[in-house]
Amino acid sequence: MNTLVIVGTGLAGYNLAKEFRKLDAERPLLIITQDDGRNYSKPMLSTGFTKGKAADELAMNSVEQMREQLKADIRTGVAVNAIDRVARTLQVEGEIIPYGDLVLALGADVFRPALGGDAGDRVYSINDLQDYARFREVMADKKKVVIIGGGLIGCEFANDLSNGGISVDVVEPVGRVLPALLPERASEAVANGLASLGVKLHFGHSVKGVWQDGDGVSVELSNGERIAGDVVLSAIGLRPRTQLALVAGLKAERGIVVDRFLRTSDANIYAIGDAAEVEGKVLLYVLPLMAAARALAKTLAGQPTAVMYPAMPVQVKTPVCPVVVSPVLPGTPGAWEVEAEGNDVKAVFKSPDGQTLGFALTGAYAGSSAIKMELTRLLPPILA
Ligand SMILES: Cc1cc2nc3c(=O)[nH]c(=O)nc-3n(C[C@H](O)[C@H](O)[C@H](O)COP(=O)(O)OP(=O)(O)OC[C@H]3O[C@@H](n4cnc5c(N)ncnc54)[C@H](O)[C@@H]3O)c2cc1C
């Protein structure tokens, strides 16, 4: 049984399949997904209100087109429930599916806060095209959203929904936006930008509960404050989907643990994308998964290839105050050197011996590709 089976039709699963087909047009390829298998770019979900795009307009290809393009059997609406590593089979509802090699491109689940109150059904999150479709439908006659979380996804939706004419409140327990990515002065620039759109920022307190209030909701904060809204959008983080791997006895920590060849602790099972932890790194972004897809495609086509990650700065899609950042892990020895005027911030993180380890650019600095390229060139690779 020689079939290559990929579980997941997100950017990781589909990009791997595309790269693999460039090298091997013949091997049977089966792709299984619990969603509808349409090909879309997830980063577009947080710019859809600005562009006035419905979910159907964000889908780039139908599943029929993907079957033809990839010369693959694609099974949609099918959840893989278990992996039998000895028999090399997958268990899906009412069926056993054999595999030769298996790739887990399972993505990450949204982290759901434990909230009090009686309006949990008004708390949404947007992590795939179907979530986006549901949210747009709900928002058809609504005007006020309370976002939980002022990280990358929360800030992007705050900007996007504001551009779409929706009134936005953001609740962030840490005292500033993008606290995990930016130094303080850069966070301040983004907060000023969002405030200039009318976004109300509530720092220092968490959300305790969401209550029904007439046709809308009342969001209760830990200091007792209440914020009125129509619905709540939760954006407090993602967790790699590791359960399937763990139950099958594969090693998983923050993500499914793989080596530089994207191989798990089982020689015939690989993991890629948001689900994977590559040499201790969980990078929930597009560029790392593209690099991994190219390397893994070669390995699966018979040319074992280790993945390399160059420095890969991340853009935060807050057009009111654009951001480009190459973050620094907490606790890294060194200090930020900051140049700033208004919302234009250039912050460079240097080690005690003067090596550039990270940077954060906002406003006009983020718009300068020359500055971004020059700083990126100075950074060490993420995985050499
Ligand atoms: C709103 C938003 C904006 C973003 N913007 C950016 C950006 O600007 N730049 C950037 O670099 N990154 C961005 N990201 C992150 C980036 O989009 C992700 O890193 C990437 O899309 C993850 O792709 P993936 O294929 O690993 O996971 P997913 O797209 O989540 O795909 C997972 C797939 O696995 C399937 N699946 C899971 N479990 C099972 C199962 N048991 N059985 C069958 N199928 C299963 C799902 O159905 C799905 O098809 C953004 C993320 C979000 C949410």
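Visitor: Which residue of strand 8 does Leu90 stand opposite?
Guide: In this predicted model, strand 7, which covers residues 89-92, pairs with strand 8 in the antiparallel sense over four bridges. Within that pairing, the residue of strand 8 that stands opposite Leu90 is Ile97.

Visitor: Which strands stand at the edges of the open sheet, and why is one side of each left without a neighbour?
Guide: The open sheet is formed by three strands in the order 6-7-8, with antiparallel pairing. The two edge strands each have a single partner strand, so one side of each is left without a neighbour in the sheet. Neighbouring strands here are turned against each other by 25° on average, with direction ignored. The edge strands are strand 6 (80-84) and strand 8 (95-98).

Visitor: What distance separates the centres of domain 1 and domain 3?
Guide: The chain is divided into domain 1 (4-109 + 238-300), domain 2 (112-234) and domain 3 (322-378). Taken over C-alpha atoms, the centres of domain 1 and domain 3 are separated by 33 Å.

Visitor: What radius of gyration does the chain have, beside that of a compact globule with 384 residues?
Guide: The C-alpha atoms fill a box of roughly 60 × 60 × 35 Å along the principal axes. For a compact globule with 384 residues, the radius of gyration would be near 21 Å, which agrees with the value for the chain, 22 Å.

Visitor: What percentage of the residues of the chain count as buried?
Guide: The chain, with its ten helices and 27 strands, exposes about 17,000 Å², of which carbon and sulfur atoms supply 51%. Counted by residue, with buried meaning under 20% relative accessible area, the buried share of the 384 residues is 51%.

Terms used. Residues are numbered from 1 along each chain as its sequence is written. This is a predicted model: local features need pLDDT of at least 70, side-chain atom pairs count only at pLDDT 80 or more; totals for chains, interfaces and linings use all residues. Side-chain values use heavy atoms; hydrogens and water are left out. Two strands pair if DSSP finds at least two bridges between them. Axes are lines fitted to C-alpha atoms, for helices over the stretch in contact, and angles run from 0 to 180 degrees between N-to-C directions. Domain bounds come from an automatic or database domain assignment. The radius of gyration is taken over C-alpha atoms; the globule rule is 2.2 Å times the number of residues to the power 0.38. Buried means under 20% relative accessible area, exposed over 50%, partly exposed in between (1.4 Å probe, protein chains only). Accessible areas come from the Shrake-Rupley method with a 1.4 Å probe; for residues, only the protein chains shown count as cover.
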